[in-house]
Amino acid sequence: MTDKPDDHMIIFEDVSKFYGEILGVNRVTLAIEPGITSLVGPNGSGKTTLMNLMTGLIRPTRGSVSVLGLRADHPEVFFRKVGYCSQFDSFPRALTGFQFIHSYLRVHGYSKKDAQDGAWKALHRVDLLDAAHLKIGAYSKGMRQRVRLAQSIAHEPVVMILDEPLNGLDPMARAETIRLFRQLAGEGLHLIISSHILHEVDMMSDSVILLNNGYVVAEGEIHGVRSEMEEHPMQILIRCDRPGLLAARVFEQDSVVEAKIHRDKHGLFIKTRDADAFYLLLNTIVVEDDLTVESVAPVDDDINAVYQYLIGGGEAA
Amino acid sequence: MSSSTEVIAEVRPSRERQWSLWAGQIAAIMRLEVRKNFIGKRAILIYLLAAVPILLMAALSAEISWQQSRNSNIGEVNIIFANLYEGLILRTIVFFGCAWIFMNVFRGEVVDRSLHYYFLSPLRREVLVCGKYLSGLVASMVLFGISTAGSLLFLYIGLGSAGRSYFADGPGKSQAIAYLGITALGCVGYGAAFLVIGLFFRNPIIPALVAYGWESINFLLPPVLKKISVIHYLHSLSPVPVPEGPFAMVAEPTPAYLSIPGLLIVTAVVLALASFQIRRMEIKYGGE
């Protein structure tokens, strides 16, 4: 049997979700490939709704969702491949971290021994072995976050959906968790992550989906999204010995719309609608005018800039 | 071997594995749920409810013990127990106890915001209903079974050696088994009803009170309507007939060979309805 392309992707086909009169998400069509995909958007933009739709916790009002060709209304197959670390900070009462993970692995159908091994392995991955036998009620917020993460990865899913997984973690734990995500993505897993820490999204994501008011406003690899935003010219800082000369020459190109010499007189900010063409021109200038260039760096080629341009002020959430 | 035979041979073991998987999943759910039913704040009310008849019978026992000198006999005590059993244990303690246990089976998890852990497991929702129902049944049968047995024990202790020989050599043992069986069937019937009420209603207290009203006026209802209740079938099974009062509409008691399977069939239908509802259920804690 040959695999269909859908069997490797998460597919949203014209999906809308309304909560009564309130819009959750509208007309979402996506095809998410393996790797780390971040959902970014302000509060109420539809990130959690998309995640809940993927996992069948809610059903679309219109359209359909499939994950690796599977649908959540067949949970007995679906949730062997999918793990969801939701944002609900609540647990069954009176369980220790180990009991929590072990019990739900038993619900998956694991034998006692396999469930024990799986629980220890998952706790080890999130560095929570020391607190394994403490009641979850006594955990700090960061520990609760980690035990939820451990529970969602304990059955070794191939698709992991993580709603704000870095919330409540201290910087060390954040770095460790991001490293874990990168490692899992390297193993070929799908990771769908919502986060409001934009620089962390930038660091760990292979692609992003920007949401606002229930609509997908942009999707794809971050730099690709940025270069397609023609109404917001790309800003580039060139550190060089003669920024005045460079400023005089960059306007040979129509796509350059602004040039501004840096306050220290050793750099030039330019704004261009065609970064690739600008880099070619820069090469020419360097050769022809013997310009010494120390560095060339895009200033707003990141998720933060994309977010600001597409969604506007305020923090992502 | 033909290809169709090969296909059957391939499918059969997987079906067996399927059943064994479901059995394992139900056992895992029960381990989690029985623990919740017996431990925690919600269990306190059930312990108190189960203790009420035992304490009351203990007090009555002391009274009977004092009256023995005035010719209190087994026949009188049987009638006292039969009335107290039906009026207090069955209609009140088992009814409200099951309401509390089974309405919280799903509703309690929605309030605690922990139901999604089951919904995110590779678990058919029908299997979840089954596991949760059985765990409620274990808790209710154990607690109200102890309550029934304890009440019997305490009441007949008051009769001294007559009471002891009634259980050792007389019909006391079979009566005790019959009462325990009725309690168990009460848990089966009321449990299924309240589980489904807890799924369909955001505030299940009102439908529970309506159900209590319906069960309470059962003796006034015409025979056809009487049969749409749990208490009618349980009343028919009582080892000591309990009169329903001067205003009762008399109906032919349903024989045990019909009432027990009937109750079980109705329970199965109600659980199927619960399974249908749980398949459509979405997790929206914020709206609860």
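**Two chains in a predicted model**

Q: In chain B, what percentage of contacts between residues at least 6 apart in sequence join residues at least 24 apart?
A: Let's start with how chain B folds back on itself in this predicted model. The contacts counted here are those in chain B between residues at least 6 apart in sequence. Among them, the share that joins residues at least 24 apart is 86%.

Q: What are the spans of the C-alpha trace of chain B along its principal axes, and what percentage of its residues count as buried?
A: Along those axes, the C-alpha trace of chain B spans about 80 × 55 × 40 Å. Chain B has 288 residues, and the part that counts as buried is 36%.

Q: Is B:Ile278 buried or exposed?
A: You can find B:Ile278 in helix α11 (residues 256–280) of chain B. Leaving aside neighbours within four places in sequence, B:Ile278 is in contact with B:Arg125, B:Leu128, B:Val129 and B:Leu199. The cut-off for a buried residue is 20 or more other C-beta atoms within 10 Å. B:Ile278 has 21 such neighbours, so this residue counts as buried.

Q: What distance separates the C-alpha atoms of B:Ile278 and B:Val196?
A: Along the chain, B:Ile278 and B:Val196 are 82 residues apart.

Q: Which element gives the largest share of the side of chain B that touches chain A?
A: The contact takes 26 residues from chain B and 24 residues from chain A. On the chain B side, α1 (3–38) and α4 (116–119) each supply at least two residues. By type, that side divides into 13 nonpolar, six polar and seven charged residues. The largest share, eight residues, comes from α1(B).

Q: How far apart are the C-alpha centres of domain 1 and domain 2 of chain A?
A: Turning to chain A, its domain assignment gives domain 1 (5–226) and domain 2 (233–299). The C-alpha centres of these two domains lie apart by 42 Å.

Q: Which are the edge strands of the six-strand open sheet in chain A?
A: The strand order is β5-β6-β7-β3-β8-β9, with mixed pairing. Neighbouring strands are turned against each other by 15 degrees on average, direction ignored. An edge strand pairs on one side only, and here those strands are β5 (82–85) and β9 (215–220).

Q: Which residue of β9(A) stands opposite A:Ile209?
A: Strand β8 (residues 207–212) of chain A runs antiparallel to β9(A), and five bridges join the two. The residue of β9(A) that stands opposite A:Ile209 is A:Glu219.

Q: Which helix of chain A packs on the sheet by touching β3, β8 and β9?
A: Helix α6 (residues 171–186) of chain A lies across β3 (35–40), β6 (159–163) and β7 (190–194), at about 145 degrees to β7(A). The helix that touches β3, β8 and β9 makes about 25 degrees with the direction of β8(A). This helix, residues 303–311, is α11 of chain A.

Q: What is the phi of A:Leu68?
A: Most residues other than glycine have a negative phi. A:Leu68, in the loop between β4 (62–67) and α2 (75–81) of chain A, counts as partly exposed because it has 18 C-beta neighbours inside 10 Å. Its phi is a positive value, near 55 degrees.

Note on methods. Residues are numbered from 1 along each chain as its sequence is written. Chains are lettered from A and ligands numbered from 1 in the order in which they are written. This is a predicted model: local features need pLDDT of at least 70, side-chain atom pairs count only at pLDDT 80 or more; totals for chains, interfaces and linings use all residues. Two residues are in contact if their C-beta atoms, placed from the backbone, lie within 7 Å. Helices (H or I, at least four residues) and strands (E, at least two) are DSSP runs, numbered from the N terminus. Ala, Val, Leu, Ile, Met, Phe, Trp, Tyr, Cys and Pro count as nonpolar, Asp, Glu, Lys and Arg as charged, and the others, Gly among them, as polar. Domain bounds come from an automatic or database domain assignment. A residue is buried if 20 or more other C-beta atoms lie within 10 Å of its own, exposed if 12 or fewer, and partly exposed in between; C-beta atoms are placed from the backbone. Two strands pair if DSSP finds at least two bridges between them. Axes are lines fitted to C-alpha atoms, for helices over the stretch in contact, and angles run from 0 to 180 degrees between N-to-C directions.
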